[in-house]
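Here's a walk through a two-chain complex, one piece at a time. Keep the viewer open and follow along.

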Amino acid sequence: MKYLATIGDRTFEIEINADGQILADGQLLAVDFHSVADQPVYSLLLDGESFEANVSSADQNIEVLLRGHLFVVTVEDERQRRLRESTSAGPIQEGEYSLTAPMPGLVVAIPVEEGQPVEHGQNLVILESMKMQNELKAPRAGTVGRIRVRTGDNVEQNQTLLSLT
Amino acid sequence: MFNKVLIANRGEIAVRIIRACRELGLKTVAVYSEVDRSALHVRQSDEAYLLGPPASRDSYLRGDKIIEIAKRSGVGAIHPGYGFLAERDDFAQAVQEAGLIFIGPRPSAIAAMGDKAVARATVAAAGIPVVPGTEGEGSLRDEELLAIAPQIGFPLLIKATAGGGGKGMREVDQLQEMPGLLAAARREAEAAFGDGNVYLEKLISEARHIEFQIMADSYGNVIHLGERECSLQRRHQKLLEESPSPFMDDELRSRMGELACRAARSVDYLNAGTIEFLVDADRNFYFLEMNTRLQVEHPVTEMVTGVDIVREQIRIARGRRLRYSQDQIQLNGWALECRINAEDPHNNFRPSTGQLTSVIPPSGPGVRVDTGVYAGFTITPYYDSLISKLICWGETRGEAILRMRRALEEFRILGVRTNIPFHQQLLDSHRFIGGQFDTRFVEERFQLEQPGQVEGKMPLIAAVLATLVTHRETQLAAQIVRRSERDTSNWKWVGRWERMHR
């Protein structure tokens, strides 16, 4: 089976055929591939060379943490690529934006009010986590919609804090 | 003389203190919050008592409860570690009044050095240079600070009077932005220390942060254990420390060390403490503050001097004399410490919480790991993000760096994101290797490499790994869907499939 793996602006063609062999960028390589102790850690022997990496999926991508570098890899097979290429450009960026908590924490301050116009980069919520105050800023200009939390609330990760229209 | 010690802390430092007590044959008492029931310090101590709910103010900051537990469990002394109650003179005082020994300085010294404005005035009077700023006046109002700021000159720093660890600290480049930054600093200081007072200080450019470890006994002996280079910081939080400093020579070391001892004497200091200096490019140095406690980064000093600082602290508290004189202190080799934090370096160092699924610490020659976590332990958002300290020793700085690189690659932590990749890349940077850095290096001149910029074959290897994992998952999914073709259970089938591909 043929795959295309993209990292930044580089694309690698990788073909997985018979057991124990792959074709990577035109090179035929012997592969021995294991997950270690049921963890998202993989040991790879590639023509005898040994690599170990932490591999996890994030959104539509695969994140590979290898020798101190984090690689975000998009992997598609040929059918997926054709599908993507035939559909038009991505969705239009407008409508309501929901500010969610990037981490669990305590709402220390909400320096905006409902209905208030805000500029790009303006502080919306100040969230304390691990003793640090984190300023959550507006990703674009807009108007503050509904505020769903109050100062002093403990919030969970990904909980919606307020909306921006 | 006491034979049992209560450790009023958690995490790696509580474990470190338990180790020292054990080696001295002392019994230990741990205290813990509701979320720390299965923390390492609770598991390793001889006795452990619950303090209360997770938030620090309901648990590790409850000095009254801690003293009550100490009395009930019959301990003779309390070691505060760092953070929490370590630099609270009222707590140290209360411990003494309860008839217990506080393993640390006298309350008067904590008070004198704890209010940074008073500290600056005290050491300046002893002839030690200080950074220009609003010294001696702890509680100025915003209008007054705004009026004084242009006299000090920009850029300058707003710092919390009761502060430490970068909390309540803001940098100001021009007068216009100062009111907003003052409000933010006061708010953060109020939340962190219950005291919103701030002061101003001139920002020294190309500054290095170099600190001296001090030890003082109750017989008037004060020595220093050399310096630690702590310039590698992000948002005023130290990330990597080393001893000695690549910036230091013997002449400067003895001059600064002598002044550090003098600063300690000026407040009649007892036990372990640290004098922090800012050193500019022309080797002018200024007193920054004194930390009247054990430091996070004390292990690098232990590695190069051979002195067990925590054990000495306990010996001093038991009324013993220092075992070393100044000329017995020799720096041998080089040590580095990387602070391993539960933070995502690829996501603006955002705190990362959750259960640790796997922890495999490095080992081997010259490697030391001080940690408070283990696989299965959950990192909560209630306390700071330090989960482990990795310390490496080498005969030379170069050797220590190579060893640290090796150890970082061995260190496996799964379940939360850590800043290990940050350290790995920092140790590869030419400026770090060349010792060419100041306190702004990490924030202004160091960036994590973008995956697209990485050269060599690693991108291809990453692509192969990602593809193999994807391939495996699609195959698994496809086979699970074709259920009717199989006569056994799915689990059995997956097990066989896994074995076949092993």
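Two residues are in contact if their C-beta atoms, placed from the backbone, lie within 7 Å. With that in hand, take B:L239: leaving out residues up to four places away in sequence, B:L239 touches B:L232, B:Q233, B:R234, B:R339 and B:V442. Bear in mind throughout that this is a predicted model.

For the complex, the predictor reports an ipTM of 0.70 and a pTM of 0.81. Chain B has an average pLDDT of 91, with 96% of the residues scoring at least 70. Chain A averages 85, and 95% of the residues there score at least 70. Within chain A, confidence is highest in strand β5 (residues 41–46), at 92, and lowest in α1(A), at a mean of 78. Then there's the stretch at residues 89–93 of chain A, where pLDDT stays under 50 and the model has zero contacts beyond four places in sequence. Where pLDDT is low, the predicted coordinates should not be read in detail.

Eight strands of chain A make a closed barrel in the order β1-β2-β3-β4-β5-β6-β7-β8, with antiparallel pairing. On average, neighbouring strands of this sheet are turned by 35° against each other, direction ignored. Which strand does β1 of chain A pair with over four bridges? Strand β8 (residues 69–77) of chain A is the partner of strand β1 (residues 2–7), in the antiparallel sense. A:L4 stands opposite A:E76 in β8(A). Helix α1 (residues 78–86) of chain A lies across β1 and β8 of chain A, at about 85° to β8(A).

| Domain of chain B | Residues |
|---|---|
| domain 1 | 4–103 |
| domain 2 | 132–202 |
| domain 3 | 208–452 |
| domain 4 | 458–500 |

Between the C-alpha centres of domain 3 of chain B and domain 4 of chain B there are 45 Å.

Chain B has an open sheet of five strands, ordered β3-β2-β1-β4-β5, with parallel pairing. At its edges sit β3 (47–52) and β5 (101–102) of chain B, each pairing on one side only. Strand β1 (residues 4–7) of chain B runs parallel to strand β4 (residues 77–79) of chain B, joined by three bridges, and B:I7 stands opposite B:H79 in β4(B). Helix α3 (residues 63–72) of chain B packs on the sheet, touching β1, β2, β3 and β4 of chain B, with its direction at about 160° to that of β1(B). Four bridges join β1(B) to β2(B), also in parallel, and B:K4 has B:K27 as its bridge partner in β2(B). Six of the seven residues of β2(B) are buried. Helix α1 (residues 11–23) of chain B lies across β1, β2 (27–33) and β4 of chain B, at about 175° to β1(B).

**Back to B:L239**

B:L239 lies in strand β11 (residues 237–243) of chain B. Is B:L239 buried or exposed? B:L239 is buried, because 22 other C-beta atoms lie within 10 Å, and 20 or more is the cut-off. Its strand is mostly covered too: six of the seven residues of β11(B) are buried. The C-alpha atom of B:L239 is 10.0 Å from that of B:L386, which is 147 residues away along the chain.

On one hand, β11(B) pairs with strand β10 (residues 222–234) of chain B, antiparallel and over four bridges. There, B:E229 stands opposite B:E242 in β11(B). β10(B) and β11(B) form a hairpin with two residues between them, and B:R235 in the turn has a positive phi of about 50°. β11(B) also pairs with strand β14 (residues 334–341) of chain B in the antiparallel sense, over four bridges. B:L336 in β14(B) is the bridge partner of B:E242.

**Where the chains meet**

The contact takes 48 residues from chain A and 40 residues from chain B. On the side of chain B that touches chain A, the elements giving two or more residues include α8 (178–193), α13 (420–426) and α16 (458–481) of chain B. α16(B) gives the largest share of that side, 14 residues. By type, the residues on the side of chain B that touches chain A are 20 nonpolar, 12 polar and eight charged.

Definitions and conventions:
Residues are numbered from 1 along each chain as its sequence is written. Chains are lettered from A and ligands numbered from 1 in the order in which they are written. This is a predicted model: local features need pLDDT of at least 70, side-chain atom pairs count only at pLDDT 80 or more; totals for chains, interfaces and linings use all residues. Two strands pair if DSSP finds at least two bridges between them. Axes are lines fitted to C-alpha atoms, for helices over the stretch in contact, and angles run from 0 to 180 degrees between N-to-C directions. Ala, Val, Leu, Ile, Met, Phe, Trp, Tyr, Cys and Pro count as nonpolar, Asp, Glu, Lys and Arg as charged, and the others, Gly among them, as polar. pLDDT is the predictor's confidence in each residue, from 0 to 100. Domain bounds come from an automatic or database domain assignment. A residue is buried if 20 or more other C-beta atoms lie within 10 Å of its own, exposed if 12 or fewer, and partly exposed in between; C-beta atoms are placed from the backbone.
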